[in-house]
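Hi,

Here is the structure I promised to pass on. Have a look at it first, and then read my notes below.

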Amino acid sequence: MATQSIEHTSLKTLVTQLSQQPIIFVGGKGGVGKTTTAAALASQLASQQKKTLIISTDPAHSLGDVLSTKLNNRKTAISPYLDAIELNPDVIVDAHFAQVERTITAYANPDMMPKIREHLRLSKSAPGAQEAAMLESMCQHLVSAAEEGYEHIIFDTAPTGHTLRLLVLPEMMGAWTDGLLAQQRRQAKLRSVATRLDKNDDKNNRLKDKDVANPFEKQKPDRWEQAVAVLERRKALFRQAAQLLHDHKKTAIVLVMTADILPLVETKRAIEQLESANLKPAAIVVNQLIHPEQQDTFWQQRANRQQQIMDDIATTFKRYPLSAIYLQQTDIRGFEALSELLR
Ligand SMILES: Nc1ncnc2c1ncn2[C@@H]1O[C@H](COP(=O)(O)OP(=O)(O)OP(=O)(O)O)[C@@H](O)[C@H]1O
Ligand SMILES: [Mg+2]
């Protein structure tokens with residue numbers, strides 16, 4: 001016999017709840033239905049004539065599959081109110097390092113360029129390089145979406161750990177950039193002191209010489225200033241993105257899970273991680289739920305098991321709105337299948 005169905009709302013109610021949130025992050029464990037949920041939310045908001053941009057940060061092409069369109073790093077119009085992007089980490093890393101090279105070329109000694117190029121080539125495959133480049137690209141979209149007239153920007157993310165790191169990284173990257181800037185300032189100070197010392201051999205006069213101007217300053221402006229400007233711009237971008245992510249009136253985090261033990265444990269852990277970064281989910285979606293009343297014994301037992309876990313889910317996550325998506329007969333492809341999920 002089926003147990004009592006647990007209180008939860010439909011995806012339609014979630015769309016209403018999120019209708020004032022410009023930024024929506026959809027996260028969760030691998031394969032639970034993040035891309036499907038993100039695409040369903042995006043297509044529903046777009047069908048209400050709200051200009052929406054959906055961005056997948058997942059290297060697999062599942063968003064393109066769900067929307068039945070080939071996507072890439074540039075915007076593809078899916079419908080009059082819906083645009084989609086699939087961020088390809090390789091393309092982003094290449095563009096990112098090409099930009100770094102252009103910046104360095106402007107201020108580095110030309111003789112050093114072959115060495116620098118080799119260093120950059122190796123850096124592309126360094127751990128974290130893709131993540132950092134991806135993060136910068138996400139932050140750029142995040143910050144410019146409103147200016148570009150989007151009412152909603154929805155991020156379909158890769159599995160949980162990754163997503164959470166991306167949410168916390170803007171702050172870390174800000175601190176890291178601060179460190180680099182401080183180092184640059186120290187080096188510049190040392191350089192200008194060294195230049196003055198060179199000009200004055202009299203050790204006893206060194207302190208008195210403090211205010212002598214650097215004779216090279218006019219002819220050769222400090223090259224590092226350009227690098228500092230780039231770092232400052234990046235720092236401002238991360239700071240702006242971190243502010244948006246921490247503003248719960250702007251950003252909503254939706255965690256997707258299935259009614260199984262492992263996703264339950266993982267979602268609990270994800271919430272703890274979010275809380276330690278002063279973030280919290282706006283809602284939890286339980287996907288692939290089986291209707292509690294089944295004809296077949298096998299499916300009835302599966303449904304009963306899910307309902308028991310739903311009891312735990314309702315208790316564990318009682319502070320968060322719970323929405324459910326029922327298991328469909330086939331994989332979800334195209335607008336029609338996506339709109340079925342909102343019934
Ligand atoms: N409610 C559902 N009913 C039937 N099939 C579903 C449902 N939700 C998702 N699926 C199917 O399950 C598969 C995984 O879903 P999806 O790609 O949305 O998961 P994901 O969390 O984005 O996965 P990944 O972690 O790999 O990015 C897809 O083939 C999708 O069509
Ligand atoms: Mg996905």
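**Strands and sheet**

Strands β3 (residues 52–56) and β5 (residues 82–86) run parallel and are joined by five bridges. (Strands are DSSP E runs of at least two residues, helices are H or I runs of at least four, and both are numbered from the N terminus; two strands pair if DSSP finds at least two bridges between them.) Within this pair, Ile-54 has Ala-84 of β5 as its bridge partner.

On to β4: this strand runs antiparallel to β5, with three bridges joining them. Here Ala-77 is partnered by Asp-83 of β5.

**Around ligand 1**

Ligand 1 is surrounded by 19 residues (C-beta atom, placed from the backbone, within 6 Å), and the closest are Lys-34, Thr-35, Thr-36, Gln-328 and Asp-331. α2 (34–47) and β8 (283–289) each give at least two residues to this shell, and the largest share, three residues, is from α2.

**Before you use it**

This is a predicted model: local features need pLDDT of at least 70, and side-chain atom pairs count only at pLDDT 80 or more, while totals for chains, interfaces and linings use all residues. Residues are numbered from 1 along each chain as its sequence is written, and chains are lettered from A and ligands numbered from 1 in the order in which they are written.

Cheers
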